[in-house]
Amino acid sequence: MSTKRVFVVLGPVLLSAASAFAIPFNVTLNKPATLDGIFGVLRPGSGWDANPVDPPGSIDDGVFRPESTVWNEGSIWWDASVEGSESNTITIDLLGNYAISGIITQADNNDNYMIEYFDPYLGTWQPLGYWPPIGGFGLTTRPNADQVTPLPINFTASAIRLSAFGGDDYFSSSEFQAFGVSVPEPSTILLLGAGLLLVRRRVRSRRR
Ligand SMILES: [Ca+2]
Ligand SMILES: [Ca+2]
């Protein structure tokens with residue numbers, strides 16, 4: 001195998017190896033979040049208090065509420081039976097591509113919470129899955145109430161989109177975290193390959 005071929009083949013391999021051995025970290029922490037839809041409005045006659053909605057950034061600020069906090073206290077909440085709130089979403093822009101290996105969510109206990117991700121290779125949103133209702137009361141962390149242990153899962157994403165369905169239409173979430181490692185853009189891999197080729201040519205020309 002020629003030196004050139006070794007470099008071209010090894011460039012991407014070395015990069016992906018570096019990703020594989022990197023320690024996963026919270027890739028959602030304090031990333032920009034946006035809310036789409038109407039939040040913080042209750043249906044007529046609802047017995048709940050119309051508490052203020054937490055700012056978008058509270059979804060990924062690294063802070064969980066105490067388990068069993070009332071669903072709409074210190075959370076991003078909506079009543080999906082209100083006009084304009086039927087298909088609310090919370091979107092987190094990861095500002096890069098990440099190979100994600102674990103997720104954890106705190107949300108109201110008695111609804112389904114859907115997670116979609118933007119696949120940077122396909123260029124489209126993909127469904128990842130949803131947390132079904134679980135026992136308990138109010139803000140509840142899935143998959144584990146220790147607020148630390150994520151669900152092991154593997155996908156590559158540049159953004160995350162959260163929504164809810166079913167349950168009692170009173171939806172809320174207070175924290176979402178995804179753990180993973182950065183993956184290089186395809187263009188970065190090409191650049192690195194080109195750079196290595198250039199280095200090799202210089203070394204060769206000096207030898208002549
Ligand atoms: Ca939070
Ligand atoms: Ca609910």
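Gln147 counts as partly exposed, with 15 C-beta neighbours inside 10 Å. A residue is buried if 20 or more other C-beta atoms lie within 10 Å of its own, exposed if 12 or fewer, and partly exposed in between, with C-beta atoms placed from the backbone. Gln147 is not a glycine, yet its phi is positive, at about 65°. Gln147 is found in the loop between strand 7 and strand 8.

This is a predicted model, in which local features need pLDDT of at least 70, side-chain atom pairs count only at pLDDT 80 or more, and totals for chains, interfaces and linings use all residues. Residues are numbered from 1 along each chain as its sequence is written, while chains are lettered from A and ligands numbered from 1 in the order in which they are written.

**Overall layout**

- The chain holds two helices and nine strands. Helices (H or I, at least four residues) and strands (E, at least two) are DSSP runs, numbered from the N terminus.
- Along the sequence the pattern reads α-β-β-β-β-β-β-β-β-β-α.
- Of the 208 residues of the chain, 29% count as buried.
- Among contacts in the chain with a separation of 6 or more, 82% come from residues 24 or more positions apart. Two residues are in contact if their C-beta atoms, placed from the backbone, lie within 7 Å.

**Strand 9 and its partners**

- Strand 9 covers residues 170-182. Eleven of its 13 residues are buried, so strand 9 is largely enclosed by the rest of the structure.
- Strand 4 (residues 89-108) pairs with strand 9 in the antiparallel sense, over nine bridges. Two strands pair if DSSP finds at least two bridges between them. Here Ile103 stands opposite Ala178.
- Strand 3 (residues 76-79) also pairs with strand 9 in the antiparallel sense, over four bridges. Trp77 has Ser172 as its bridge partner.
- Strand 1 (residues 25-26) and strand 9 are joined by two bridges, again in the antiparallel sense. Phe25 stands opposite Gly180.

**Ser172, a residue to look at in strand 9**

- Ser172 is found in strand 9. Ser172 counts as buried, with 28 C-beta neighbours inside 10 Å.
- Not counting residues up to four places away in sequence, Ser172 touches Trp71, Asn72, Ser75, Ile76, Trp77, Ala107, Asp108 and Leu139.
- Ser172 and Asn72 are 100 residues apart along the chain. Their C-alpha atoms are separated by 6.4 Å.

**Strands 5, 6 and 8**

- Strand 5 and strand 8 run antiparallel, joined by seven bridges. Asn112 has Phe165 in strand 8 as its bridge partner.
- Strand 5 and strand 6 (residues 124-131) pair in the antiparallel sense over seven bridges. Tyr117 has Gln126 in strand 6 as its bridge partner.
- The hairpin of strand 5 and strand 6 has four residues between the strands. In this hairpin, Gly123 takes a positive phi near 70°.

**The nonpolar core**

- The largest nonpolar core has 33 residues. Such a core is a set of buried Ala, Val, Leu, Ile, Met, Phe, Trp, Tyr and Cys residues joined through C-beta atoms within 7 Å. Ile100, Ala157 and Ile160 touch the most other members.
- Strand 3, strand 4, strand 5 (112-119), strand 8 and strand 9 are the elements that give two or more residues to this core. The largest share, eight residues, comes from strand 4.
- Ala157 touches Leu94, Tyr98, Ile100, Tyr117, Phe118 and Asp119, with residues up to four places away in sequence not counted.

**Backbone points in the loops**

- Arg142 and Pro143 are joined by a cis peptide bond, with omega about 5°. Pro143 has its place in the loop between strand 7 (139-142) and strand 8 (151-165). Gln147 is found in the loop between strand 7 and strand 8 as well.
- Ser68 has a phi near 75°, a positive value in a residue other than glycine. Ser68 has its place in the loop between strand 2 (33-36) and strand 3. Ser68 is partly exposed, with 13 other C-beta atoms within 10 Å.
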